[in-house]
Amino acid sequence: MNGATRSECVVLDGKTLAARREAQLTQASRKFAARHPGRVPTLATILVGDDPSSAIYVRMKGDACRRVGMVSRAIVLPASTSTNELRGVIDALNQDPDVHGILLQHPVPAHIDERACFDSIRIDKDVDGVTSHGFGRMALGQEAFGAATPSGIMRLLSDYGIEVAGRRAVVVGRSAILGKPMALMLSNADATVTLCHSRTQNLEQEVRRAHIVVGALGKPHFISADWIAEGAVVLDAGYHPGGIGDIDPRNLMDRCSALTPVPGGVGPMTISVLLEQTLQAAESICS
Ligand code: NAP
């Protein structure tokens, strides 16, 4: 495209959007407290093991809860915790009337059946959108808490007024918490979606065809700017130590029409959705 006619690349500033949303959630929490004396929207976070990145993510989520006047109840379990023990902890939280949302930080140690544990979260407390039941409902377009990261990406797209319907979207990565729900949310918003993974042949060609590209494969700077079509919208969900995403940002701004920075793009939107869904859960459980 001719540089003189090309419009500027828009930086999709998740950090600022999330901060704005936090101000609204703070007001909403106050109103909740006024309507339900003695009750506070409460998110229970469960961290199993000592993965330093997971510990940071859980702490960030707890800090965000406190900033908006919600309670964060942090449960830390040793890496030796069994599937049954973890399900026991989740069951207790399911029954606890003072807990409205439950977040089990992914990934759990390999010996634990993560899917079984996710699926033991009560659906009305599944504020991180990880249960099979919630996933199925979301996929069918029924009411459900969506998985937090793809929901945050959809929020970024809508807040910036980026058209999704009728556009070709490519999602790279098909995990249950990120790539798969992302593909379904984009499809539900009427994009034509290709879901790529480690066995995809000629990934570069797939990415090149996309108007909307989501990097969600967990490999630092794996997707090169050269693969991105002129004018595409680029959403990078990857996060690696040092604030590195899955998409190499070198020369990216010259090609795409909009991009998420790393950090400060998708990450803050994930937390924002989690807070919002916790408040919604508290409203419905307490009403
Ligand atoms: P994951 O469970 O490891 O899944 C990675 C996916 O990428 C798999 O589907 C895998 O394909 C695919 N993949 C791996 N190598 C590939 C390749 N060379 N070409 C194409 N696809 C490939 O990862 P995840 O939990 O979804 O996380 C992905 C990234 O997002 C990580 O960087 C993570 O830190 C980040 N993340 C960020 C947030 C946030 O809030 N910002 C939240 C969650 C995750 P197969 O299915 O074939 O194995």
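Visitor: In this predicted model, how far is an oxygen atom of the ligand from an N or O atom in the side chain of T149?

Guide: A polar contact is a pair of N or O atoms within 3.5 Å. The pair formed by an oxygen atom of the ligand and a side-chain N or O atom of T149 is at 3.4 Å. The model is predicted, with local features needing pLDDT of at least 70, side-chain atom pairs counting only at pLDDT 80 or more, and totals for chains, interfaces and linings using all residues. Residues are numbered from 1 along each chain as its sequence is written, and side-chain values use heavy atoms, without hydrogens and water. The distance asked for is 3.4 Å.

Visitor: Which residue places a backbone N or O atom 3.1 Å from an oxygen atom of the ligand?

Guide: A backbone N or O atom of H197 lies 3.4 Å from a nitrogen atom of the ligand. At 3.1 Å from a ligand oxygen, the backbone atom belongs to Y239.

Visitor: How much of the ligand's accessible area does the protein cover?

Guide: Accessible areas come from the Shrake-Rupley method with a 1.4 Å probe. On its own the ligand has 930 Å², of which the protein covers 71%.

Visitor: Which residue of β4 is the bridge partner of A44?

Guide: Strands, DSSP runs (E) of at least two residues, pair if DSSP finds at least two bridges between them. Strand β2 (residues 42–48) and β4 pair in the parallel sense over four bridges. Within β4, A44 has as its bridge partner I102.

Definitions and conventions
Polar contact = N/O pair within 3.5 Å; in protein donor to acceptor, adjacent residues only side chain to side chain.
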